[in-house]
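The sequence and the structure come first.

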Amino acid sequence: MKKSPTTLVRFDSRRFRACSALVLSLALVLGGVPAYPGAAWAQIIGDAPPPSLKTLRPPKPTNLADYVKDEAAAIRLGKALFWDMQVGSDGKTACASCHFQAGADPRSKNQLNPGMNGGDTVFGNTRLSGVKSFSQFKPNYQLQTKDFPLHRRQNMERQASKITQDTNDVVSSQGVVLKQFTGVTPGSAEDLASSLADPVFKVTTGKGKTAQTVNIRRVEPVNAPSVVNAVFNFANFLNGRANHFFNGSNPFGPADNNDSTGVWVNEGGTLALKKLNGLTGELPVLDFASLASQATGPPLSDLEMSWRGRTWADIGKKMLSLEPLANQQVDASDSVLGVDRDADGKGLNKSYSELIQAAFQDKFWDGSAATASQTTTVTTTSTGIVTAKQKGPDTKQVIRLDTAKAPLKTADAQDPRTFKLNSGEGQVIEVSAEQALAANEFTQMEANFVLFFALSVQLYQSTLVSDDAPFDRFQEGDATALSAAAQRGMGIFFNQGRCNQCHGGSLFTNQAIDVIIALGEGLVERMGMAQGEAFYDTGFYNIAVTPTAEDIGRGGTLPSILPNPADGGNPYPLSFSRLGLLKQANPTRLPDWYYPFVPFLPGNPGSLTRVAVDGAHKTPGLRNVELSGPYFHNGGSATLMQVVDFYTRGGNFPAANIDNLDPFIAEIAFLQGNEQAQRDLVAFMLALTDDRVKYEQAPFDHPELLVPNGHNADLSDNLVTIPAVGADGRTTPLRPFLAPAGTDSFEFHITP
């Protein structure tokens, strides 16, 4: 959040005829008034530290009760699904595989992407002339502390110092091997697939005639942010593409108005597809639901959890045939799942179908129940007298989906992922209750699995709030909670370091709702940038980690298969600022269905049309930052001192990124050559760690997880076991990324 004059951002609520509660919610949310109780919204934002996070409560969708009938049951379902390795096409990849330590990913082998968001497919190279590259980088590489940072200078604290080494590679998270999805076998965790040659993630074994090229696990093009406290973000993913409003199918919210996007509802015995847009005859809008939007993305991405071409209905068909967490230990004292733990210690004693029925309103899953047939077979004599009457077999309604017509987003210059937007066009048919369903036929529960998955995972993640760090206790009045060094560091953070200009509020990120909803803030701000005046999206900043063109971030667009019919078929921009320009155009360049969900530009925009969002990324929260390395959207720093060096010198590429550069990215003279001040700043950041996270105590306990950490010499998976942890947590603390066993965390993080 920047100190500049701004006017509150407003949404147009004129079309929400059927959801007056949402109209009120939006007016409150974006009018500077708390939208839910228990929040200390009137906090001081600026040079004074914010209050404890205990003063805020996680937001929930306004109309959640229209979908979920038992939140505790939904949380159990969501935790099981988040940690279940069977969700991945290979039966080994869970959402948690990239978020199992403090909500982030500490794996270190086969974690390199060559920079595909910038169009690069060569590992270890640099775009800078005359600068040494990282030639040791290659597929399946084992990262070491000496590999960091990924951008080096003769004097790491000075912008004018010569660049000595650089790469546009990204340290991120490995997913599945590239394959073409062909189907599921009920009862099997591994999907059916055919082979595809991966042009990037591959290794060659043998020589000469025995040489063989083999696909290895693919790696995401952006570093994975932590899911702890993510419920407070207005939008999720580092480029914010996970929309605040959930559309029931994918991450893109109300921009997706495809006929096959929505949720199947049982209306008096008849199944019908409904949109989540709040209009008469449709379903209520789900706001505060960016985590639900986010949850729909990775399970279909061919760089993350899915073989190419799978749909959510396919996932539903598979998962409803499997025991939850079937191959994973669950601790008897697990704070959520312990009550449903199977007697043998692995998996749960309830099916996913039972968990869904307990959590969600009946109309979203009971439409495929068997019903007595109303047809009869009649035999008559020549006189017309009925001599026999026989009732036909019981029937059920199912949905025949043409998954081949599901819109397919393919790899492009901005985003190398391939995935389907929805499960395809649906036709409701009636079949015998005992009849086995064809591969393209789905029960209502299977077809709606995306709804159950997304909302339950959001509700589970909403419990992952770390609000008991030493900082919180200090702000609550415990003067002994922070060391003298941490207190000095706090003073630097909020003053000379200017850190709070982007890391504001109790979440230490300006993308959190406590900053966006705070009086005087909004989704778009107009201010002086490093050069000139522009609109920009609150909480998304270009801080010159990489050249803008290497990852356009918030300046990108939605997939081209979601064209804007009111703007010549161009794809919708991601940024609220550019969407606001389309909205204020005369005539407007937004369609009716999207117009109400887009903010107005602040104040009187006049002739200002400049937007500074290219190369901008969501500011990550700093809570538990001790444990969530590597850092930045490219994963380019391994220690907090390397992060301090970055800001001390004023970024990596400020001159190249000047058109979109955050105005506070400049050399910090106070920190240059001031080792004590730098160490104090690190000490303060370590005081943002909640011990419950560090020791995986409830609510941060979890089932067992086997995570692939690269490949062995024979290219089999190198699986690392993350043991199940109960409510009381582990006896030894989690270690920072790449920190050797026994190393003091502070000593590790002050390593430049």
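Is Asp467 buried or exposed? With a relative accessible area of 18%, Asp467 is buried, where buried means under 20% relative accessible area, exposed over 50%, and partly exposed in between (1.4 Å probe, protein chains only).

The model is predicted: local features need pLDDT of at least 70, side-chain atom pairs count only at pLDDT 80 or more, and totals for chains, interfaces and linings use all residues. Residues are numbered from 1 along each chain as its sequence is written, and side-chain values use heavy atoms, with hydrogens and water left out.

**Helix H2**

Helices (H or I, at least four residues) and strands (E, at least two) are DSSP runs, numbered from the N terminus. Helix H2 takes in residues 71-83, and its 13 residues should span 18 Å at 1.5 Å a residue; the expected span is 1.5 Å times one less than the number of residues. The end C-alpha atoms of H2 are 18 Å apart, which agrees.

Of the 13 residues in H2, 10 are buried, so that the helix is mostly covered. Among them are Ala73, Ile75, Leu77, Phe82 and Trp83. The cover over the buried residues includes helix H4 (312-319), helix H5 (352-359), helix H7 (449-461) and strand E22 (705-711), contact meaning heavy atoms within 4.5 Å. At the N-terminal end, Asp70 caps H2, with a side-chain oxygen 3.1 Å from the backbone nitrogen of Ala72.

**Salt bridges**

A salt bridge is a side-chain nitrogen of Lys or Arg within 4 Å of a carboxyl oxygen of Asp or Glu.

| Pair | N to O distance |
|---|---|
| Glu71 and Lys60 | 3.2 Å |
| Arg417 and Glu220 | 2.8 Å |
| Arg692 and Asp467 | 3.0 Å |

Glu71 forms a salt bridge with Lys60. Because Glu71 lies in H2 and Lys60 in the loop between helix H1 (20-29) and H2, this pair ties together parts that are 11 residues apart in sequence. Glu71 is partly exposed at 31% relative accessibility, and Lys60 is partly exposed at 41%.

Arg417 and Glu220 also meet in a salt bridge. Arg417 lies in the loop between strand E14 (408-409) and strand E15 (419-420), and Glu220 in the loop between strand E8 (212-215) and strand E9 (263-267), so the pair ties together parts that are 197 residues apart in sequence. Both residues, Arg417 and Glu220, are buried. They belong to a network of salt bridges that links Glu220, Glu304, Lys409, Asp412, Asp415 and Arg417.

Technical notes: A polar contact is a pair of N or O atoms within 3.5 Å; within protein, one must be able to donate a hydrogen and the other to accept it, and residues adjacent in sequence count only if both atoms are side-chain atoms.
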